[in-house]
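Keep the picture open while you read, and look up each residue as it comes along.

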Amino acid sequence: MYKIVDKIFLSPNVFSLEIEASLIAKNRKAGHFVIIRINDKGERIPLTISASNIEKGTITLIIQKVGVTSAKLSLYNKGDYIQDVVGPLGHPTRIEKVGTILCAGGGVGIAPLLPIAEAYRKAGNKVISVLAARTKELLILESEMQKHSDELIIYTDDGSYGKKGIITYGMEEVIGKEKIDLSIVIGPALMMKYAALTTKKYNIPTMASLNTIMVDGTGMCGACRITVGGKTKFVCVDGPEFNAHEVDFDEMLSRLTAYKEEEMIAYEKYNQGD
Amino acid sequence: MFSEEEIKEEREKDWRKELREKIKSSDRAKKERISMPEEDATSRSRNSVEVNKGLSVEQALSESERCLDCANPTCISGCPVGINIPKFIKKIESKDFAGAAIILKETNTLPAVCGRVCPQEIQCEARCFYTLKLGKDAVGIGNLERFAADYERNSGKISIPEVSKNNGIMIAVAGSGPAGLTAACDLSRLGYQVTVFEALHEIGGVLKYGIPGFRLPNEIINLEIDNLRKMGIHFETNYIVGKTESFHELKKQGYQAFFIGSGAGLPNFMNIPGENLVGIFSSNEYLTRVNLMGASKPEYDTPVLSGKKVAVIGGGNTAMDSVRTALRLGAEKAMIIYRRTMDEMPARKEEMKHALEEGVEIITLQNPVAYIGNDKSRVRQIRLQKMTLGEPDASGRRRPVPVENSEYLMDVDTVIVSVGVSPSPIIPLALPEIEMTRWGTIKVNPDNMQSSVPWIFAGGDIVRGGATVILAMGDGRKAAIGIHEFIQNKIK
């Protein structure tokens, strides 16, 4: 059982949980994720570790309410326990000094982007971050990202904050005035697809952190499989980061819909108080 | 393993002599083998009750009498863990069922498991005197093993193997499947302080996530695991050795040797077009959702796609488990598609018989070449190619050869790919210094299961690739002895 020591809402549907998991905190690096199960009837879901504190022995997970499990979890508070947490999973981000990094984070994708931006900056890179959200209310972690970026540009779909537009506008804006050596794109799959297409035009090496369906998270089942460079890879043991220009995002998007109907039915039942 | 002398000595004991004198061998040999009672095929195909019901006391007594208590018991050499088979069977005949269970546990950590899932027909029973010399059905060794184990469990008086005084030396076991559980049990009996680390949230490995409840109920595994806890073995779930903490970190904490039993969990795919369509699963994913995550039960949150026209590609026990699970999830058509013939299928004959009784269609000499999806990217057809058998390949079985211009389309809505598994890469990645084979398995000395790193031993599927529960247990046993010798030599 893993104790929740802090909980904050970052936006109406996005919340952060700080959880006691000292072994995971000790060995965690940027890019790692965990699989959690909230109770003994729950499903196993993957969540990126957005921060860790070795002295306190805690990890921080940022979760968006999208269905039954995340909705149930949003009702957990400080002092509650999550039944199972396992990690750190996946390959950590390969941090190198390459020059100037363009970090592009969309929606809740900003959460996994944060530790990566931090690590690249600490390694001596210049970090330019573009954050995008549909509206001001949904923008998260702005000040945290500001801390770890040499420059921060914000776009909202409706123009309620920052500039009006989508993330690819912001990316083009940056590419137009800086030589970018590497780009990291994290967000909804559709966003990453278009972000990758954008950087491909300019031959900028780009890494995406993929968020597929997972069950075990340890390479055992293949639920998370995607096609990268024409070959099948497992996001949980080969990723979660891949060369964005080689990822078949259309296939990834279709695989993400596998349980759409079941998820919708279950969420409706849950919201009706079943 | 017992020596020939030990086996002879036991056979010469008075109680064994008396039993042999009670009934003449010729009378014993006249009896027919008692069949395992089974649940009705139609009803059982729609629920999760265990298919094999177990022998009654009368049936077990009768079957135990068939055993001739041979002077040279060839059956023992067929058992990967070397159970003294005649001894436990004769305990049953003498109505000491609890005694039979104790004898089983001397050599077999999980007799209730083995009695159910071992392929006895190619192991002990294949080497029974009846099979080898009389051309008759073997003694029902597996059924009797299950009887004794179940009897003990149901009696509530479960024997815990004798444990030597705890010597305080810490050993780590990575993986709580059959290999790890056996290594842990044997090491614990030798006095070591064992901790078993398991990546998943439940203990049992493939026993829990892979083998369905209608063959091996989870409650039975949990009871066996409780027995291991009572021996003093510690279990840690949600812990991946090599990722949660490294081998070297654990060594620093005082673990003097490691047994790696992390299994072959990585599913093989065929890499044909359309294989990543929605509705195409590896058997691991399908079975894990149902067996481990309760996907067939409404109160559990994990979903599974339960199709109406389900095709399982493959012919092993896992394929049989998958197709029979599909039936239980409501499939109207549940098919096995296999590229050779039924004679070459590696699945246990009993599993195939049960599958056919339940209404599974077995389609042979056909192989998928591509999958076609609908506009929602869900699989809706398989393009199948007919096969014929050619010359034998490396496995000794005749090689399947595609028949030209024989492709056709079959309608399906769910496909389960069950064409084998490979070792999980996680632990080898965490141990770059360990010598691996080119198939991703850990190289070990077959006599003591020691790897190229002296303090690391390994067994089960991580060494063999996808194999069986009992072979994994045999490896765990060997490794425990190997670790014991390694530690004792270090101490000297």
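Where the two chains meet, 44 residues of chain A are in contact with 41 residues of chain B, contact meaning heavy atoms within 4.5 Å. Together the two chains bury about 3400 Å², with 56% of it on carbon and sulfur atoms. Buried area here is the accessible area, found with a 1.4 Å probe, that two parts lose on being put together, summed over both. On the chain A side, Lys41(A), Met220(A) and Tyr259(A) supply 20% of the area buried against chain B, more than any other three residues.

A word on the ground rules. This is a predicted model, in which local features need pLDDT of at least 70 and side-chain atom pairs count only at pLDDT 80 or more, while totals for chains, interfaces and linings use all residues. Residues are numbered from 1 along each chain as its sequence is written, chains are lettered from A and ligands numbered from 1 in the order in which they are written, and side-chain values use heavy atoms, leaving out hydrogens and water.

**Domains of chain B**

Chain B itself is divided into domain 1 (13-155), domain 2 (170-265 + 423-491) and domain 3 (268-421), with bounds that come from an automatic or database domain assignment. The C-alpha centres of domain 1 and domain 3 of chain B lie 33 Å apart. Between these two domains, 14 residues of domain 1 of chain B are in contact with 12 residues of domain 3 of chain B. They bury about 1000 Å² between them, 33% of it on carbon and sulfur atoms. Which residues of domain 1 of chain B lose the most area to domain 3 of chain B? They are Arg44(B), Ser45(B) and Arg46(B), together 43% of what that side buries.

**Strands and sheets**

Helices (H or I, at least four residues) and strands (E, at least two) are DSSP runs, numbered from the N terminus. Two strands pair if DSSP finds at least two bridges between them. In chain A, seven strands form an open sheet in the order E6-E1-E2-E5-E4-E3-E7, with antiparallel pairing. Strands E6 (81-82) and E7 (84-89) of chain A stand at the edges with a single partner strand each, so one side of each has no neighbour in the sheet.

| Strand | Partner strand | Bridges and sense |
|---|---|---|
| E2 (residues 14-20) of chain A | E5 (residues 58-64) of chain A | Seven bridges, antiparallel |
| E1 (residues 170-174) of chain B | E4(B) | Five bridges, parallel |
| E4(B) | E16 (residues 456-458) of chain B | Three bridges, parallel |

For the chain A pair, Glu18(A) has Thr60(A) as its bridge partner in E5(A). In chain B, Val173(B) is partnered by Phe259(B) in E4(B), and Phe258(B) by Ile456(B) in E16(B).

Is strand E4 (residues 255-260) of chain B mostly covered or uncovered? It is mostly covered, as five of its six residues are buried. Buried means under 20% relative accessible area, exposed over 50%, and partly exposed in between (1.4 Å probe, protein chains only).

**Nonpolar cores**

A nonpolar core is a set of buried Ala, Val, Leu, Ile, Met, Phe, Trp, Tyr and Cys residues joined through side-chain atoms within 4.5 Å. The largest one has 91 residues, and among those that touch the most other members are Phe88(B), Leu207(B) and Ile456(B). Helix H20 (residues 469-491) of chain B gives this core its largest share, nine residues. At least three residues come from each of domain 1 and domain 2 of chain B. A second, separate core of 58 residues includes Val86(A), Leu102(A), Cys224(A) and Val247(A).

**A pair of cysteines**

A disulfide is a covalent bond between the sulfur atoms of two cysteines. Cys224(A) is buried at 3% relative accessible area, and Cys236(A) is buried at 4%.
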